[in-house]
Amino acid sequence: MRKFFQEIKADLKFKTAGPGQKLSEPPRAPKEKPKAEAAPKPRQGPTDEAQMAAAAALARMELKPKARLPSSQEAIKNQVRKELMAEAAASEKGVSVEEKDLVSSDKEEAAGLSVSGVYFICPLTGAVVRKDMKEKHIREAILSYFSVDPVAASIMEIHTFNKDREKVRVGVETMAKYLDNIYLHPEEEKYQKIKLQNKVFQERISCLEGIHKFFQAIGFETKTLPTTEEYYVLKEEMLTRLEDLKDYKEQLLSCAPVRAQLDRQLCVFKPSPEAARFELPNDFYNLTAEEIKREQRLRTEAVEKASMLRTRAMREKDEQREMRKYNYTLIRVRFPDGYILQGTFYARESVSVLYNFVREALTRDWLPFELLGPGGLKLTDENLAFNECGLVPSTLLTLVWDESVMADIQAAGEEQPASPLKPELLSKVQTLS
């Protein structure tokens with residue numbers, strides 16, 4: 001078993017997932033486009049618009065990642081999931097009747113909502129957890145990994161649990177200098193011990209959560225020297241593993257915080273007249289329950305304000321205040337055949353993210369389309385955020401195809417799928433209530 005973990009550590013060049021990366025499954029290779037059947041009669045060459053659409057689709061396909069996730073990341077995820085499942089099984093026996101009733105009541109309250117809440121995906125375990133449980137889950141996942149690789153786990157703890165990024169940067173860089181001194185001057189005994197009461201150590205390093213676990217994991221031990229002062233002293237055996245110390249330093253500098261990824265909660269609904277009706281949970285609001293009630297009262301008063309003469313500065317101030325009220329937004333996109341695609345987004349994400357979300361749900365992701373907002377307004381500037389476009393906390397959009405490209409496809413006599421959405425999505429279609 002020890003040899004197995006050593007092989008994992010030798011392979012590990014630790015990097016956490018980026019904000020958008022999903023560790024639960026490897027990137028999918030683009031599907032091969034169905035071959036067009038022979039046209040029954042001669043036709044003219046493709047239009048300029050069709051050629052531009054094809055070129056854009058080819059560029060997107062070339063940009064898709066093809067490499068698989070590092071095996072070391074899979075090792076982390078599998079081991080952490082195993083540890084957490086064992087803990088969950090043990091704690092399940094101690095769940096009280098009151099706690100079970102509370103969970104049941106939460107489910108009943110969510111039954112009439114458009115979405116039950118805001119959820120996140122843990123990059124370490126792949127588990128989907130509620131917004132109010134994500135921090136606790138990530139902490140448990142990192143702590144569980146200490147039994148596998150205490151160095152990597154302590155580095156994750158330092159970067160994730162300390163919220164002041166400037167303090168983390170200063171502390172990590174100072175720690176890196178300590179390790180550099182040992183690596184570059186192994187014969188100098190003074191670099192092999194660190195005084196715990198040293199002012200620099202106290203102000204820059206000791207204040208960071210996880211830092212003492214890191215010292216212990218890389219081979220330091222606490223000793224009280226003849227001066228009656230406490231020091232971190234490097235074990236002699238570590239002087240024969242200087243390359244390991246260099247590797248630990250690189251991991252410490254290159255690591256990023258472990259952050260949960262927003263779960264889109266992708267859903268597909270059958271055509272419904274209820275598509276424009278939304279009932280959202282409190283998770284979508286950056287307000288308390290009392291503040292939400294106050295906002296409803298202010299909304300009534302806004303009708304009276306509208307009849308008053310107001311300056312541009314006053315209007316802009318109200319608009320900015322309105323934008324800050326929401327953390328998330330629920331977006332529905334209605335297709336020409338009536339089917340509805342739904343997803344959850346950050347209110348400050350750009351519209352380009354929505355276009356990619358829709359494109360990934362299409363059988364033919366190369367088909368150009370536009371999204372129309374309320375009143376038929378085209379969402380042409382994909383760099384704008386949802387809250388800047390007034391698409392919060394929820395909205396229903398309409399998808400329209402590029403007419404010239406669709407005309408070319410029809411002229412070619414190609415067989416059209418029953419729905420533009422992927423079959424695996426249609427297999428889980430739901431009914432809006």
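Here is a walk from the cores to a helix and then to some ring pairs.

A word on the ground rules: this is a predicted model, where local features need pLDDT of at least 70, side-chain atom pairs count only at pLDDT 80 or more, and totals for chains, interfaces and linings use all residues. Residues are numbered from 1 along each chain as its sequence is written, and side-chain values use heavy atoms, with hydrogens and water left out.

**Stop 1: the cores**

Select Val 333, Phe 335, Leu 354, Val 358 and Leu 371. These have the most contacts inside the largest nonpolar core, which has 31 residues. A nonpolar core here is a set of buried Ala, Val, Leu, Ile, Met, Phe, Trp, Tyr and Cys residues joined through side-chain atoms within 4.5 Å; buried means under 20% relative accessible area, with a 1.4 Å probe and protein chains only. Among the elements giving two or more residues to this core are strand E8 (328-334), strand E9 (340-346) and helix H13 (351-360). Helices (H or I, at least four residues) and strands (E, at least two) are DSSP runs, numbered from the N terminus. H13 gives the largest share, 5 residues.

Now centre on Val 333. Leaving aside neighbours within four places in sequence, its contacts include Tyr 339, Leu 354, Leu 371 and Leu 399, where contact means heavy atoms within 4.5 Å.

**Stop 2: helix H10**

Select 242-254. Helix H10 has 13 residues and reaches 19 Å from its first C-alpha to its last, close to the 18 Å expected at 1.5 Å a residue (the expected span is 1.5 Å times one less than the number of residues). Its buried residues include Leu 242, Leu 245, Tyr 248 and Leu 252.

**Stop 3: the rings**

Show Phe 120 and Tyr 328. Their ring centres are 6.4 Å apart and the planes are at 75°, so this pair is edge-to-face. Rings of Phe, Tyr and Trp (its six-membered ring) pair if their centres lie within 6.5 Å; planes under 30 degrees apart count as stacked, over 60 as edge-to-face and the rest as tilted. Phe 120 lies in strand E1 (residues 119-121) and Tyr 328 in strand E8, so the pair ties together parts 208 residues apart in sequence. Both Phe 120 and Tyr 328 are buried.

Technical notes. Buried means under 20% relative accessible area, exposed over 50%, partly exposed in between (1.4 Å probe, protein chains only).
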